[in-house]
Amino acid sequence: MADNKTKLTNVKVDDFIAAVDHPTRRADAETLDKMFRRVTGWQPRMWGPTLIGYGQYHYTYKSGREGDFMATGFSPRKANLVLYIMPGYADFGHILERMGKHKLGKSCLYINKLADVDMDVVEEIVQAGLDDLGSRWPISAT
């Protein structure tokens with residue numbers, strides 16, 4: 001089986017955020033970093049070139065595929081902010097309906113800018129995602 005392409009790197013999170021070109025996206029990334037640190041209690045690490053992750057877990061699927069990945073995190077992409085909640089948002093509709101303007105992917109949440117959402121609800125969804133993940137796989141600090 002192929003190795004996961006997205007792995008921990010030694011890039012400093014602060015350096016990555018400081019290099020975000022768009023000033024609003026950079027400021028939103030700084031805000032999200034502070035919020036994720038507060039909610040998780042963990043220091044961030046870069047996963048691949050663009051993902052800022054908090055905590056990690058080791059998984060083994062029924063197929064035998066296994067690996068390590070961040071427990072939660074985000075990426076300040078050019079088009080939007082992407083929040084990652086593993087294993088996904090399927091059971092969080094009751095929270096998402098209070099969030100504000102967003103779009104959903106399989107295990108990611110797309111936000112244009114933090115001004116579009118309620119940050120208290122963002123914190124709630126991050127914690128709910130960690131609680132759900134922790135019920136499936138042991139999570140460790142990064």
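**Close-up 1. Residue classes in the lining of the second largest pocket.** Ala, Val, Leu, Ile, Met, Phe, Trp, Tyr, Cys and Pro count as nonpolar, Asp, Glu, Lys and Arg as charged, and the others, Gly among them, as polar. By this scheme the lining of the second largest pocket holds 4 nonpolar, 3 polar and 4 charged residues. The structure is a predicted model, in which local features need pLDDT of at least 70, side-chain atom pairs count only at pLDDT 80 or more, and totals for chains, interfaces and linings use all residues. Residues are numbered from 1 along each chain as its sequence is written, and side-chain values use heavy atoms, with hydrogens and water left out.

**Close-up 2. Volume and lining of the second largest pocket.** The second largest pocket contains about 180 Å³ of space. Its lining consists of F16, A19, V20, D21, H22, R25, T50, S75, P76, R77 and K78. A pocket is an open set of points on a 1 Å grid over the protein atoms alone, where a 1.4 Å probe fits, with protein on both sides within 12 Å along at least five of seven lines; lining residues have an atom within 4 Å of a point. Grid points are joined across faces, edges and corners, and the volume is the space filled by probe spheres set on the points.

Close-up 3. Strands are DSSP runs of E with at least two residues, numbered from the N terminus, and two of them pair if DSSP finds at least two bridges between them. In strand β2 (residues 51-60), 8 of 10 residues are buried, meaning under 20% relative accessible area (1.4 Å probe, protein chains only). Strand β1 (residues 44-47) pairs with β2 in the antiparallel sense over 4 bridges, and W47 stands opposite L51. The hairpin of β1 and β2 has 3 residues between the strands, and G48 takes a positive phi near 65° there. Strand β3 (residues 66-76) runs antiparallel to β2, joined by 8 bridges. In the hairpin of β2 and β3, with 5 residues between the strands, G64 has a positive phi near 100°.

Close-up 4. Y57 stands opposite F69 in β3. In β7, the bridge partner of Y57 is I139. Strand β7 (residues 139-140) and β2 are antiparallel and joined by 2 bridges.

**Close-up 5. Strand β6 with β4 and β5.** Strand β4 (residues 81-85) pairs with strand β6 (residues 108-111) in the antiparallel sense over 4 bridges, and L81 stands opposite I111. Strand β5 (residues 103-104) also pairs antiparallel with β6, over 2 bridges. K103 has Y110 of β6 as bridge partner, and a hairpin of 3 residues joins β5 to β6.

Note on methods
Buried means under 20% relative accessible area, exposed over 50%, partly exposed in between (1.4 Å probe, protein chains only).
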